[in-house]
Amino acid sequence: MGIFKSEKISTRLFLFVTALDETVIARPNFELTEDGWEDLPPFTSQIASRQVKLGETPLYDHLCQLIQEPKYSFLKKNVEEYYELMNVLGNAELPSIYWQEINSLKRFGYYYGHTLAITAMIAKFGIDAGMQKDLLEIALKASLIHDIGIARLPHSILFSSQQFKEDEKIMMQQHPLVSYLLVGYYSQQEYDEIGRGVLYHHCPGELNNISIGYENKVAKEIAWLIFNADVFDALISNRPFRPAYAIANALNYLTRVNQAHSLPLDMVYWIEKRFKIPVSKRLGSNFIPIKPKIEGHQLN
Ligand SMILES: [Fe+2]
Ligand SMILES: [Fe+2]
């Protein structure tokens, strides 16, 4: 069994997908098969493949500023935590083409800050949960590039303040697939787990149904981390179509979506601990909490 289980993901593309070197890597009606990356042309730029750390890019200063925002104060309670977090983030490394991709998200306001914020959130969760160093490094790379496909969507969708129409909704749902194609083009098999994690970042539960090889275990962990940080960050942010949720309501929502997809609640319990909001204060009486497994967080 291969990586495609979800109808949503295997649907035919609606968009042209063009890489930053102007190579068209997919056209509308392109149907990605399980060996999809093998059909992509090779990315040959040596310069754009050079590894660069986040700390060496202008994004690092933006990240420092972003973390000062009150809504992200839960990520650093004191100076030690702040320096530890910024050190982990500053060392996150990617080929330089991805920094250009992330930079191009700036045009779309929310998605640029969102990318940095959820990466910081995953980094802090990883530190607190004692995640293995190499797994955390992979998760940070994936988090930084999970939404690069967004930059290929029409502006009318990205700047819409209305509910999406049906065709707009389908296009929006395809952004993980577009990110996945770009990762495949730029990095091929070297980013196999990262690509799979990115592909499933809005539906990590789908990976429960796929036969488990090591790559899928890592992909599952990555997809779950991004999903949780992504949903929480979206909820606590003002969006054109709704105001930000209160923290307790965002946690309730996050609990329910994880449960609906049979996913662990470690991130929920971690956020709760950072905000010091006891479960009993926020959930209705018919809610049955699942025991957290944040101590010694591991792949499952
Ligand atoms: Fe996304
Ligand atoms: Fe996202």
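This is a predicted model: local features need pLDDT of at least 70, side-chain atom pairs count only at pLDDT 80 or more; totals for chains, interfaces and linings use all residues.
How do the axes of α5 and helix α6 (residues 133-145) lie, that is, within what distance do they come and at roughly what angle do they cross? Residues are numbered from 1 along each chain as its sequence is written, and chains are lettered from A and ligands numbered from 1 in the order in which they are written.

The secondary structure of the protein amounts to 14 helices and four strands, where helices (H or I, at least four residues) and strands (E, at least two) are DSSP runs numbered from the N terminus. Of the 300 residues, 37% count as buried, a residue being buried if 20 or more other C-beta atoms lie within 10 Å of its own, exposed if 12 or fewer, and partly exposed in between, with C-beta atoms placed from the backbone. Among contacts between residues at least 6 apart in sequence, 69% join residues at least 24 apart; two residues are in contact if their C-beta atoms, placed from the backbone, lie within 7 Å.

Helix α5 (residues 110-129) has 20 residues and reaches 28 Å from its first C-alpha to its last, close to the 28 Å expected at 1.5 Å a residue, the expected span being 1.5 Å times one less than the number of residues. Of its 20 residues, 14 are buried, and just after α5, Gly130 takes a positive phi of about 65°.

The axes of α5 and α6 come within 9 Å and cross at roughly 165°, the axes being lines fitted to C-alpha atoms, for helices over the stretch in contact, with angles running from 0 to 180 degrees between N-to-C directions. The two helices are therefore roughly antiparallel to each other, since angles under 35 degrees count as roughly parallel, over 145 as roughly antiparallel, 65 to 115 as roughly perpendicular and the rest as oblique. In this contact, residues of α5 including Thr115, Ile118 and Ile122 meet residues of α6 including Leu136, Leu140 and Leu144. The contact of α5 with α6 divides into seven nonpolar, four polar and no charged residues, where Ala, Val, Leu, Ile, Met, Phe, Trp, Tyr, Cys and Pro count as nonpolar, Asp, Glu, Lys and Arg as charged, and the others, Gly among them, as polar.

Helix α5 also meets helix α13 (residues 266-275), and their axes come within 11 Å and cross at roughly 90°, which makes α5 roughly perpendicular to α13. Here Phe125, Asp128 and Ala129 in α5 meet Asp266, Met267 and Trp270 in α13, a contact with four nonpolar, no polar and two charged residues.

In α9, 13 of its 13 residues are buried, and just after α9, Gln188 takes a positive phi of about 45°. The axes of α9 and helix α10 (residues 192-199) come within 8 Å and cross at roughly 170°, so α9 is roughly antiparallel to α10. Pro176 lies in helix α9 and is buried, with 23 other C-beta atoms within 10 Å. Not counting residues up to four places away in sequence, Pro176 touches Gly149, Val198, Leu199, His201 and His202.
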